[in-house]
Amino acid sequence: MPDDGVQAVIFDLDGVLTDTAEFHYLAWQELADAEGLPFDRRANEALRGVSRADSLRMLLDGREVSEVEFERMMASKNERYVELLADMAPADLLPGAAELIAACRERGLRIAIGSSSKNAPAVLAALGIADRFDAVADGTTVAVTKPAPDLFLAAARQLDVDPARCVVIEDAAAGVDAALAAGMVAVGIGPTERVGHAHLVFASTADVDLDAVLAARE
């Protein structure tokens, strides 16, 4: 491991290593239709990187429901999402994802997952990459997820790496916010209007320049 500079890379999962956004959208849309809630693809974009509970609160938009109903709605959405994930396979890794993970390993960097999803372990297993990570911090790891820094700080603790020596690769505004709040180098994947506040921005995972990323903390 390098003595200074970047020592670890924390990957968001959805939108960085794979793309389950469509599955999330379909599951939320079915729930919204069943509950008579307004929802569309534009509204779904606002849910990127947001926990399931906070996503449902955004979907409800002030509509009051009992705790039992709230839990039922979350369970319903998740059951449908898991059904849609059933056919996921290693071929569903995004272009450049496997190569970037391998490049980090070759540089002696420690690597972790920092995902708000409680399904992260199942997704990693389906993609065939669960054994490539030194740590996994997900929606079950902390009480408060993105945009709070807790999730990424938990990943850094698991890796035993100073947060200041960590890079986060994210595709969501909330995730970039969390990385910045954690004092980490934030690398945004996607359009600048969504992740332009990151230290570095790349159009896709395949475009990530690891040399430029590692130089960001030198």
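1. In which sense do β1 and strand β2 pair, and over how many bridges? The pairing of β1 with β2 (residues 110-114) is parallel and comprises four bridges; two strands are taken to pair if DSSP finds at least two bridges between them. Within this pairing, Ala8 stands opposite Arg110 of β2.

2. Basis of the note. The structure is a predicted model, in which local features need pLDDT of at least 70 and side-chain atom pairs count only at pLDDT 80 or more, whereas totals for chains, interfaces and linings use all residues. Residues are numbered from 1 along each chain as its sequence is written, and side-chain values use heavy atoms, with hydrogens and water left out.

3. Overall architecture. The protein has ten helices and six strands; helices (H or I, at least four residues) and strands (E, at least two) are DSSP runs, numbered from the N terminus. For 218 residues, a compact globule would have a radius of gyration near 17 Å, and the value for the protein is 17 Å, which agrees. This radius is taken over C-alpha atoms, and the globule rule is 2.2 Å times the number of residues to the power 0.38. Along the principal axes, the C-alpha atoms fill a box of roughly 55 × 35 × 30 Å.

4. Of the 218 residues, 49% are buried; buried means under 20% relative accessible area, exposed over 50%, and partly exposed in between (1.4 Å probe, protein chains only). Among contacts (heavy atoms within 4.5 Å) between residues at least 6 apart in sequence, 61% join residues at least 24 apart.

5. Strand β1. Residues 8-11 form β1, and both of its faces are covered: Ala8 and Ile10 are buried on one side, Val9 and Phe11 on the other. In a regular strand the side chains alternate between the two faces of the sheet. β1 is also joined by four bridges to β4 (residues 166-170), and these two strands run parallel. Val9 stands opposite Val167 in β4.

6. Helix α4. The 19 residues of α4 (residues 67-85) should span 27 Å at 1.5 Å a residue, and the end C-alpha atoms are 27 Å apart, which agrees; the expected span is 1.5 Å times one less than the number of residues. Buried residues of α4 include Phe70, Met73, Lys77, Tyr81 and Leu84.

7. Helix α1. The 15 residues of α1 should span 21 Å at 1.5 Å a residue, and its end C-alpha atoms are 21 Å apart, which agrees. Among the buried residues of α1 are His24, Tyr25, Trp28 and Glu35. The buried residues pack against α2, α3 and α4. Just after α1, Gly36 takes a positive phi of about 70°.

8. Ser51. Ser51 is located in the loop between α2 (41-45) and α3 and is buried, with a relative accessible area of 12%. Its side chain reaches the backbone nitrogen of Asp54 at 3.2 Å. Leaving aside residues up to four places away in sequence, Ser51 touches Ser116 and Thr145.

How values were computed. Polar contact = N/O pair within 3.5 Å; in protein donor to acceptor, adjacent residues only side chain to side chain.
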